[in-house]
Amino acid sequence: MRSNSAHAPWSTPRWRMPAGLFAAALALSVGTATALAVAGTAYAADTSKSAGHTHRKWLVDSAVTTLHEVNDTIGAPAVWGKRDAFGQRLTGRGVGVALIDSGVAPVEGLAQAGKVVNGPDLSFESQTADLAHRDTFGHGTHMAGIIAGRDPDVPAGAENDPRYFVGVAPDATLVNLKVASADGATDVSQVIAAIDWAVAHHDDPGLNIRVINLSFGTHSAQDPRLDPLSFAVESAWRAGIVVVVSVGNDGAAATRVTMPAINPYVIAVGGADTAGTIKQDDDTVGGFSTLGNAARHADLVAPGRSLVSLRDPGSFVDANYPTGLIDNGTGRFFKGSGTSQAAAAVSGAVALLLQQRPGLTPDQVKRLLTSTAQPLSGADPIAQGAGELNIKAAVGAPTPARAGQSFPAALGTGSLEAARGSAHVADPETGVELTGEQDIMGQPWDPATWTVASAAGTAWSGGVWNGNAWAGPDWSGSSWATRTWSSTNWSARTWSGSFWQARTWSARTWSARTWSGCNWSSTTWQ
């Protein structure tokens, strides 16, 4: 990894829509004063702890795992050397990965023209022009780097040079669907809207959305056949989009993975600990990774402990957790642990596979990844699923003739409130929480109507979702027209978070007092 002062221009937002934010509390790996080898340089990890914030827990260790090491572990460099049917090297080129997260910051490694295409900003910050699409939290940028980061000066064919920062699928296109604000706050209705948008627009020119990365989960206890979030990801899967979801960071004592990883169709990803080596025979399941149960658990695991990715300077995580900073003199990199990072690695691997064989169905992709995963000796067979990601083996394996999954179809007729689990966004001034069968606009939730539209890929009509205008209706050929939310029930009062749980996106989601950005009037909630 090296610094480069030249920054390619941040691509003009292709879609401009008001939005709401998706959130995750990035579980940082906090180091000890141990010298660690990173890209040939010794770094001393910081022992300091951030102050002034009450958090449930952080993952604390001294490990540092570079993306170069992650790529070597999963076999990505061998894949980059192969070519697709058109003679292009397999680097994810032409494959769109929808990143439903906290936005993407235009930092080096993500700022090249065409690297990031902005979809609708569905976060509470969408109404602030200089915050729209931008990552004010820090999680989305970290995931983006793992999936498709690429230093702008990397010569073609030199992606495995450890001097550079390179993600798993360095030439994939990232479709930025921002749903979380600066403290990580989002409501499940915003996440569902983002999934529906990805389905509705997956074939739009220049997008080719074949993958959704969802490093997110709620503790919904309702039947996944009924849960609306589960239905949304299954609808995307049936539309031909591979949905990659983190299982959660509740550890080996947790016997239920988070929603929507519990949906049996999607690829549920757990986190592996690489033990500081690139060989897989000494890897284990990370202590943070949710166990699940015999009926539903991780389909496979991928490296997730202390992964080094791109730093988002000035973001919430960056400002409050300085021990995540990699002190190599560039100020560009930040480390974090969790199944969020593991899911991002798998999403990048899926992009490589789909460039090689664009005709693969989501079921075939899942079968290829699970049938070629490397079993982890001595690791819990439930926690590891099929084993650790091996994209080199998956690319070399024949297309499975029979890969169709035949689980009972989701119905989506359950409760939106139950889909939130125990976490709600709330007005910090009055304490009024967003609860019940309504979305963030106060629009009643009608599962009978929504399920039909979501399954058909028509839940969005222009800028309208669930009966309300979340965006402007006009596509100009270069951007989606914006629309102010002032015509709805939003007031000009600013919301600010009062605390935020530190378990990561895919763990216990976010706490109950974490709205920031532009907000709604208390008269919205009955």
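In which kind of crossing, left-handed or right-handed, does α3 pass α7? The crossing is right-handed. A crossing is called right-handed if the near helix is turned clockwise from the far one by less than a right angle, and left-handed if anticlockwise.

Before I go on, some ground rules. This is a predicted model, where local features need pLDDT of at least 70 and side-chain atom pairs count only at pLDDT 80 or more, while totals for chains, interfaces and linings use all residues. Residues are numbered from 1 along each chain as its sequence is written, and side-chain values use heavy atoms, with hydrogens and water left out.

First, the whole chain. It has 12 helices and 17 strands; these are DSSP runs, H or I over at least four residues for helices and E over at least two for strands, numbered from the N terminus. Of its 526 residues, 63% are buried, meaning under 20% relative accessible area with a 1.4 Å probe, protein chains only.

Back to the opening pair. Helix α3 covers residues 139-148 and helix α7 covers residues 339-356. Their axes come within 8 Å and cross at roughly 40°. An axis here is a line fitted to C-alpha atoms over the stretch in contact, and angles run from 0 to 180 degrees between N-to-C directions. On the α3 side, the residues in contact include H139 and M143; on the α7 side, they include A344 and G348. Contact means heavy atoms within 4.5 Å. This contact has five nonpolar, six polar and no charged residues. Nonpolar means Ala, Val, Leu, Ile, Met, Phe, Trp, Tyr, Cys and Pro; charged means Asp, Glu, Lys and Arg; the others, Gly among them, are polar. As for α7, 17 of its 18 residues are buried.

Now the second pair. Helix α4, residues 188-200, packs against helix α5, residues 228-238, at an angle of about 15°, with the axes 9 Å apart. The two are therefore roughly parallel, the word used for angles under 35 degrees. α4 passes α5 in a left-handed crossing. V188, V191, I192, I195 and V199 of α4 meet P228, L229, A232, V233 and A236 of α5. By class, that is 10 nonpolar, no polar and no charged residues.

Last, α4 by itself. Why can we say that α4 is largely enclosed by the rest of the structure? Because 12 of its 13 residues are buried. Among them are D196 and W197.

Terms used. Angles under 35 degrees count as roughly parallel, over 145 as roughly antiparallel, 65 to 115 as roughly perpendicular and the rest as oblique. Buried means under 20% relative accessible area, exposed over 50%, partly exposed in between (1.4 Å probe, protein chains only).
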